Amino acid sequence: MIPAKFEYVRPSSVSDAVSALAAGGEDAKVIAGGQSLLPLLRLRLAYPELLVDLGSIGGLRGVRDEGDTLLIGALTTHDEVIRDPLITGHCGLLAEAAGMVADPAVRHRGTLGGSLAHADPAADLPAVVAALDATMIAHGPGGERAIGAADFFDDYLTTALAADEILTGIRVPKLGPGWGYRYEKFHRTAQAWAIVGVAVLARRTNGQVAEARIGMANMGSVPVRARAAEAAAASRDALRSAAQHADEGTNPPADLHGAADYRRHLARVLTARALAVASGA
Ligand SMILES: Cc1cc2nc3c(=O)[nH]c(=O)nc-3n(C[C@H](O)[C@H](O)[C@H](O)COP(=O)(O)OP(=O)(O)OC[C@H]3O[C@@H](n4cnc5c(N)ncnc54)[C@H](O)[C@@H]3O)c2cc1C
C-alpha cells in the first residue's frame, strides 16, 4: 500500500530536529533507517503528518571512546555496530547480537537508536542494552537527559522518550577482563525475529561465575532481566540449574509462533546455552 501523505524535513542539527518535532506536535515522527517505520506507514498503521529525517545529522553516527564507557551515536547502523573495533573490543555482546538482526539489507539501513526507540519486545538489541545496563541519551527542548535501560522501556512499543525528544546516543560500559558473553535466540528459519532471545554476560573469577547479567527478548512487553537466574548463577549453582530460574517473573506473550509455556521453556534452554558459552564452562 502507498503511505498516507506526509510532510518531510531533513534538519542538519539536533536542535533543529527537536524544534521541528516540537512544532509538529503529536503528528510528527522521527525517521532514522526506516526499517520499522516504513512498513507501518505502508500498512497505514501509522500516519504521521510530518517526518523528521535524522539522516543529515552527522554527529549522531559512530562510536566515541569515553574511558570506561563507549558512546554510540543513535544513527549508527547495525552493520557499523558489527564492524566497529571499539564495540567488538569492549562490548562484543552488542556486536554479536547485531549480527543476528534480520538480514544484510536491513542491517545496512536499520540503526541502533531506531531499534531501541521502536521498543519492539521481540527485537534483539533492547534485551542486550538491558543486560549491559546501558544508558540512553535523549535530547529535547529542555536539553539533554540520561535514561537508564531499566527505565527506558515502558511497555510494548513504548519508551520513556517524550514526543519531542530524540534519542541521540547510547552509553555502554566497557566490559573489562573476565567478562564472557553470548547472545542466543530461537527463531523461525524464514524470519530472524526472536521467538525468544537471551543476552548473557558472565564475569569469572577463580574459575567461577562471580556476576551474571541476563536480558531477554520477547518474554514480556519490554526486555526483562532474569534476576533469579542471575542470582543463582552468581551463587555458584550449577549453571544449568541456574537457568531453570530464567523465566521467573516474566510474562511471555502467546501468539502463532509459540505458546507462553513454550517461550518459558525456550528461555530456560537458551539461558543454559548462553551461560555455558559466556562463562566458558
Ligand atoms: C524484514 C525485517 C526483519 C527484521 N528483523 C529484525 C530482527 O530479527 N531483530 C531485530 O531486532 N529487529 C529486526 N528488524 C527491525 C530492524 O532492526 C530495524 O532497523 C529497527 O527496529 C529500527 O531501526 P530504524 O533505524 O530502521 O528505525 P525507523 O524505522 O526509522 O524508526 C523506528 C521507530 O523509532 C523511532 N526512532 C528512530 N530513531 C529514533 C531516534 N534517534 N530518536 C527517537 N525516535 C527514533 C521512529 O520515530 C519510529 O517510531 C527487522 C526489520 C525488517 C524490515
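How far from an oxygen atom of the ligand does a polar side-chain atom of Lys 29 lie? In this predicted model, the separation is 3.2 Å.

**View 1. Polar contacts between protein and ligand.** Besides the Lys 29 side chain, whose polar atom is placed 3.2 Å from a ligand oxygen, two further residues are shown. Thr 111 brings a polar side-chain atom to 2.6 Å from an oxygen atom of the ligand.

**View 2. The shell of residues around the ligand.** The ligand is surrounded by 29 residues, with Val 30, Gly 34, Gln 35, Leu 37 and Thr 111 the closest. By class, the shell consists of 16 nonpolar, 10 polar and three charged residues.

**View 3. Secondary structure elements at the ligand.** At least two residues of the shell come from each of strand S2 (28-31), helix H7 (112-118) and strand S10 (166-173). H7 provides the largest share, with four residues.

**View 4. The second largest pocket.** This pocket has a volume of about 280 Å³. Its lining is made up of 13 residues, and those nearest the centre are Asp 120, Ala 122, Asn 218, Asp 255 and His 257. Six residues of the lining are nonpolar, three are polar and four are charged.

Methods. Residues numbered from 1 in each chain as written. Predicted model: local features only at pLDDT ≥ 70, side-chain atom pairs only at ≥ 80, totals over all residues. Heavy atoms only, no water. 1 Å grid on protein atoms, 1.4 Å probe; cavity = no way out; pocket = protein on both sides within 12 Å on 5 of 7 lines; lining within 4 Å. Points joined across faces, edges and corners; volume = space filled by probe spheres on them. Nonpolar A, V, L, I, M, F, W, Y, C, P; charged D, E, K, R; others polar. Near = heavy atom within 4 Å. Polar contact = N/O pair within 3.5 Å; in protein donor to acceptor, adjacent residues only side chain to side chain.
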